[in-house]
Amino acid sequence: MKSSSSYNEHRDRNFSHNDRREPVEEVQVEVGQRFPLTIKRLGINGEGIGYYKRKITFVPGALPDEVVVVEVTHVAAHFLNASLRQVREASPHRVEPHDAKAGEVGGFELEHLAYPQQLEFKRDVIQQSLERYKPRGWQHFTLKPTIGMENPYHYRNKAQFQVRQLEDGTIIAGLYKEGTHDLVDLPEAGTQNEATLTVIRELVKMLGELEVPIYDEEHGSGIIKTLVTRSSEATGEVQVTFVTNSKKLPRKRQLLELIKKRLPQVVSVMQNVNPGKTSLVWGDETVKLTGQDYITEELLGHKFQLSPRAFLQLNPKQTTKLYQEAIKALGLTRANRLVDAYSGVGTIGLTLADKLGEVRGMDTIPEAIDDANRNAALNDIDNAEYFTGTAESLLPQWVANGWRPDALVVDPPRAGLDETMIDTILQVRPEKFVYISCNPSTLAKDLVELGEAYRVDYIQSIDMFPQTARVEAVVKLSRR
Ligand SMILES: C[S@@+](CC[C@H](N)C(=O)[O-])C[C@H]1O[C@@H](n2cnc3c(N)ncnc32)[C@H](O)[C@@H]1O
């Protein structure tokens, strides 16, 4: 979880170039001060941006062209944070949020904005990042309109909810209020699919009935910390993981019996042990409590078995579109040798393997790589192999040993590509290259260096996370 200071540091680094135009004169302003503000545009985190005496002011929940009254919550050298107190003149694109809890927790940053405008925003954020970093030729990049969802709700196939017991004994499960450790109960959440929520609600009931001790953050006592449910769109299977404060799980037998009786869709129950106070949700040890080790999902006609910690895109319907865009952009032939870098459970490379000579992929999570290799066998694919390790160490090794790819797809985490990885790409210069990005800032930054060898044919944004400010894009690159 982000502390408010790291959030602000992040914000400092992510100013769009327009925000750095000239030095800001000293403005006398205090926390708690209220004033009216006209909102000019949305920032990369989906918050409204206005200028108070030329000082940039971030207002979550405010929309472009609105006149609002705000209250200052944080004063920094180069910016102000403020909360929205009143909307005096509303945007024609403002809509009533579907979720009562929107605005309290992360994951609903844009729920008050009409969906067509959310899609425009996601393209615009990429444009803002390009303007900031100015990769070679950026003014001429083609930014295609964002591919959205027909129904932009109920898409998340995984819920990872913290659990707490209130003083009156009520057990709640949900997400932390932004920047705090106050848990917001989420029996409903419009972005979650029904399967994940139904199972969480029932599990909370069972924990109460059986009086399983819930983790108490203040005293470090109790057992159940987090409930994780993941569902498969194709098979309807659900996997449950209890993240616990110790290996011991009191009333385990009764709990598993109840799950069997009341939740037949749950085919896999796991326990992840994560002792003590830590900001990480997952511990190192995962054990099976009952059922299968995996649930099976299907994507583009291929089956994927998923262990609890393996990454899978959170929006199955849009994942299909994302991969189809990547396949189109790669334009592969049978002769190609593809590297599926940052592979997760191998979903991209394995859906492409039958169009290719050979696939190699890598990921840092050993369980994901086990899943990827097992998934290759499950789909009768014998020209794909996956390896545990970092992309920046394995790709140079393969090249040094004489194995050179001529096609590359990278799908890195938010931090983008490592320097060594970029250097290796520039050295190998695969003819076919697609960059899938979940962070426009690091994408634009990486494109500056990649621009030495590649030109950007187009950027296709795809809305993987409706109602949030998160942006995903497929970038087709061609060798200069
Ligand atoms: C955005 S996910 C993409 C996963 C996969 N391509 C998919 O579509 O499901 C990024 C993946 O990169 C992995 N990862 C993080 N750092 C890495 C590194 N330095 N080298 C290789 N993989 C890494 C993570 O474990 C995660 O599975």
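At what angle do helix α2 and α10 pack, and how far apart are their axes? Before the answer, a word on the model. This is a predicted model, where local features need pLDDT of at least 70 and side-chain atom pairs count only at pLDDT 80 or more, while totals for chains, interfaces and linings use all residues. Residues are numbered from 1 along each chain as its sequence is written.

**View 1. Helix α2 packs against α10.** Helix α2 (residues 115–133) meets α10 at an angle of about 40°, and their axes are 8 Å apart. That angle makes α2 oblique to α10. Helices here are DSSP runs (H or I, at least four residues), strands are runs of E (at least two), and both are numbered from the N terminus. The axes are lines fitted to C-alpha atoms, for helices over the stretch in contact, with angles from 0 to 180 degrees between N-to-C directions. Under 35 degrees counts as roughly parallel, over 145 as roughly antiparallel, 65 to 115 as roughly perpendicular, and the rest as oblique. On the α2 side, look for Val125, Ile126, Ser129, Leu130, Arg132 and Tyr133; on the α10 side, for Pro440, Ser441, Leu443, Ala444, Lys445 and Val448. Sorted by class, this contact has 8 nonpolar, 2 polar and 2 charged residues (Ala, Val, Leu, Ile, Met, Phe, Trp, Tyr, Cys and Pro are nonpolar; Asp, Glu, Lys and Arg are charged; the others, Gly among them, are polar).

View 2. An unreviewed UniProt entry lists Cys438 as "active site"; UniProt positions are in the numbering used here, feature names are shortened, and annotations may be inferred rather than shown by experiment. Cys438 is partly exposed because 18 other C-beta atoms lie within 10 Å. The scale goes like this: 20 or more other C-beta atoms within 10 Å of a residue's own means buried, 12 or fewer means exposed, and in between is partly exposed, with C-beta atoms placed from the backbone. Skip the neighbours within four places in sequence, and Cys438 is in contact with Arg414, Arg470 and Glu472 (contact means C-beta atoms, placed from the backbone, within 7 Å).

**View 3. Gln313 and Tyr342 carry a "binding site" label in UniProt.** The unreviewed entry puts that label on Gln313, Tyr342, Asp363 and Asp411. Gln313 is in the loop between β15 (302–306) and α5 (316–330), and Gln313 is buried, since 22 other C-beta atoms lie within 10 Å. Beyond four places in sequence, Gln313 is in contact with Thr319, Leu322 and Met464. Tyr342 has its own loop, between β16 (337–341) and α6 (347–352). Tyr342 counts as buried because of its 21 C-beta neighbours inside 10 Å. Leave out residues up to four places away, and Tyr342 touches Asp363, Ala391, Val410, Asp411 and Pro412.

**View 4. Helices α8 and α9 cross at roughly 30°.** The axes of α8 (residues 391–400) and α9 (residues 419–428) come within 8 Å. That crossing angle makes α8 roughly parallel to α9. The crossing of α8 and α9 is left-handed. Ala391, Glu392, Leu395, Pro396 and Val399 of α8 meet Thr420, Met421, Thr424 and Val428 of α9. The class tally for this contact is 6 nonpolar, 2 polar and 1 charged.

**View 5. Pro405 and Arg429 are both loop residues.** Pro405 is in the loop between α8 and β19 (407–410), and Pro405 counts as buried because of 24 C-beta neighbours inside 10 Å. Apart from residues up to four places away in sequence, Pro405 touches Arg337, Leu338, Val339, Val428 and Pro430. Arg429 is in the loop between α9 and β20, and Arg429 is partly exposed, since 16 other C-beta atoms lie within 10 Å. Arg429 and Arg479 are 50 residues apart along the chain, with 7.3 Å between their C-alpha atoms. Leaving aside neighbours within four places in sequence, Arg429 is in contact with Ala453 and Arg479.

How values were computed: Contact = placed C-beta atoms within 7 Å. Left-handed = near helix turned anticlockwise from the far one by under 90°.
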